[in-house]
Amino acid sequence: MSFANFYNGRRGRFFVYAPLIIWIAIILILGSGPGASAQTSRFIRPLIEFFFPSASPDTFLLIHAFIRKAAHFIEYAVLAFLAARVFVIGQKHWILLSFAVVAVVAATDEINQSFYSSRSGSGWDVLLDAAGGAFALLCIAVFRRRKRRS
């Protein structure tokens with residue numbers, strides 16, 4: 001069976017779409033209570049204390065905030081990659097469709113967070129999420145262009 005036949009079959013579509021759907025579910029679950037700062041602090045704090053034993057409370061908060069914002073960027077870069085995989089990289093408008101998925105999930109996640117007392121929705125986080133997705137899509141596009149040239 002060729003790859004094209006595998007991809008077009010029901011089983012093939014499942015293996016292409018499932019990671020994207022699962023990743024979106026993980027993002028939306030983490031966007032609710034489990035992803036709150038107080039929750040992530042439980043496992044990030046011991047790591048920070050291990051690597052920076054003499055860190056002040058202010059330094060701890062700064063490092064914790066940086067880790068959380070980096071996680072936003074990375075999780076949406078992964079989302080963009082999985083969306084690009086679904087929209088078959090190289091097909092017409094794959095970048096726009098992939099970025100649209102990133103933007104819709106980011107906005108949905110932040111709106112969802114605004115309903116939790118332990119969270120707050122932020123337009124800045126939507127921009128950070130979109131930047132992570134755009135960065136991944138740019139990397140894919142550059143890699144594809146260089147590969148085509150060689």
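1. Let's start with K69, which counts as partly exposed at 38% relative accessibility. (Partly exposed sits between buried, under 20% relative accessible area, and exposed, over 50%, with a 1.4 Å probe and protein chains only.) Keep in mind that this is a predicted model, where local features need pLDDT of at least 70 and side-chain atom pairs count only at pLDDT 80 or more, while totals for chains, interfaces and linings use all residues. Residues are numbered from 1 along each chain as its sequence is written, and side-chain values use heavy atoms, leaving out hydrogens and water.

2. K69 has a partner: its side chain meets that of D125 in a salt bridge, 2.7 Å from N to O. (That term means a side-chain nitrogen of Lys or Arg within 4 Å of a carboxyl oxygen of Asp or Glu.) K69 is in helix 4 and D125 in helix 6, so this pair ties together parts that are 56 residues apart in sequence. (Helices are DSSP runs of H or I with at least four residues, strands are E runs of at least two, and both are numbered from the N terminus.)

3. Is D125 buried or exposed? It counts as buried, because its relative accessibility is 8%. Helix 6, where D125 lies, covers residues 123–149. Skipping residues up to four places away in sequence, D125 touches K69, H72 and E110. (Touching, or contact, means heavy atoms within 4.5 Å.)

4. How many salt bridges does the structure hold? There are 2. Besides the D125 and K69 pair, R45 and E49 join their side chains at 3.6 Å, N to O. Both R45 and E49 belong to helix 3, sitting 4 residues apart, or about one turn of the helix. R45 is partly exposed at 34% relative accessible area, and E49 is partly exposed too, at 43%.

5. Helix 3 (residues 37–51) also contains F51, which counts as exposed because its relative accessibility is 56%. Areas come from the Shrake-Rupley method with a 1.4 Å probe, and for residues only the protein chains shown count as cover.)

6. Now for the inside. The largest nonpolar core has 20 residues, and L20, I24, Y76, L79, V101 and V105 have the most contacts within it. Helix 2 (10–30), helix 4 (57–86), helix 5 and helix 6 each provide at least two of its residues. Helix 4 gives the most, with 8. (A nonpolar core is a set of buried Ala, Val, Leu, Ile, Met, Phe, Trp, Tyr and Cys residues joined through side-chain atoms within 4.5 Å.) Leaving out residues up to four places away, L79 touches L20, W23, I24, I27, V101, V102 and V105.

7. Have a look at D109 in helix 5 (residues 94–113) as well. It counts as buried, at 2% relative accessibility. Beyond its neighbours within four places in sequence, D109 contacts I27, L28, G31 and Y76.

8. Finally, the whole chain. Among contacts between residues at least 6 apart in sequence, 68% join residues at least 24 apart. The chain exposes about 9,900 Å², with carbon and sulfur atoms supplying 70% of that.
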